[in-house]
Amino acid sequence: MFKTEILQQLSEVFNSEICFDDILKCLDLDLHELTTRLLHAAQCRIQAQANCTAIIQSAIHLQSYDIAYLFSPFILSNLNQKTIYTTPKTKTVSNIFNQYFDTSEMELAKNTEILQDLNFSIQFSDIEQDNTVFLYQYLFAALCNKKVKNIFILSEIKTHSNQLKSLEIQFGVRIFMISSTHKKLDILDLDMRKLLFKNKDVQYVELCADFAEMNAQILVPLVTLTLDQATHLVDDMFYSEHVFEKLSVYSEYMTTRIFNAKQLSTAS
């Protein structure tokens, strides 16, 4: 009965019909295993201090201003906030990261080890996956992770606030919804050097200010800062090149891990 109640609450989070079989297949779990892991994680959060943040973002497509949140793991890492960021692997996302390393080979590096070494990990899901299935899959994964305390869902899909509140109480987490923005950005013309380096023209001064304000929405619930203070802090990270430094470290780390994985595969 208790398990049925939990699954009922979970199934009503988003205003969309779901097929549990599809989600369980993605998680490689059956219903019993899922509920067992959910309850175990909830109990562990009571006994130990969970301190990790999960960010689950719907697909970022061409011209989507929500590309701003792609930099959230690097921003939070600068403040020693452990973060697991997940989004579908769209061409837009690949185009950004492929400037630094080959994203087609990311699966060769283990995300758990990356989180331990860098304080954050970035996971890409299948772009062909249904949006609601994607959100449920990674919401369940976050709830099953005993180290996750804060969950941010960045999506245009509507949720039931009462069910979210019930999940927060039931599983000892905090869940935050951030709606997609309707502003447009020509990402194909995005100049990463102007975005991430000190020297910026008027266009990129305004863009960084917008990106800072958007990411500050994630930062405020995690630190003791006002929205204005958090916005100013994130804006400074773009000018001081701290975001670029984290991205560089991540790309070098991934390149090394991918190379080592290939070497081990060849040796075996």
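Is F97 buried or exposed? F97 is buried in this predicted model, with a relative accessible area of 1%.

**View A. F97 pairs with F101.** Welcome to one of the 15 aromatic pairs that the structure holds. F97 and F101 form a tilted pair, with 6.0 Å from centre to centre and 50 degrees between the planes. F101 counts as buried because its relative accessibility is 5%, under the 20% cut-off.

**View B. F97 and F101 belong to one aromatic cluster.**

**View C. F197 and F244 form a tilted aromatic pair.** Here the ring centres lie 4.5 Å apart, and the planes make an angle of 50 degrees. F197 lies in the loop between α9 (192-196) and α10 (202-219), while F244 is in helix α12 (residues 242-267), so the pair ties together parts that are 47 residues apart in sequence. Both F197 and F244 are buried.

**View D. Two charged ends sit over rings.** Look again at F197: the charged end of R193 sits over its ring, 4.4 Å from the ring centre.

**View E. E168 sits in helix α8.** This helix covers residues 161-171. E168 counts as buried because its relative accessible area is 14%, under the 20% cut-off. Leaving aside residues up to four places away in sequence, E168 touches V173, R174 and I175.

Terms used. Residues are numbered from 1 along each chain as its sequence is written. This is a predicted model: local features need pLDDT of at least 70, side-chain atom pairs count only at pLDDT 80 or more; totals for chains, interfaces and linings use all residues. Side-chain values use heavy atoms; hydrogens and water are left out. Helices (H or I, at least four residues) and strands (E, at least two) are DSSP runs, numbered from the N terminus. Buried means under 20% relative accessible area, exposed over 50%, partly exposed in between (1.4 Å probe, protein chains only). Contact means heavy atoms within 4.5 Å. Rings of Phe, Tyr and Trp (its six-membered ring) pair if their centres lie within 6.5 Å; planes under 30 degrees apart count as stacked, over 60 as edge-to-face and the rest as tilted. A charge sits over a ring if NZ of Lys or CZ of Arg is within 6 Å of the ring centre and within 35 degrees of the ring normal.
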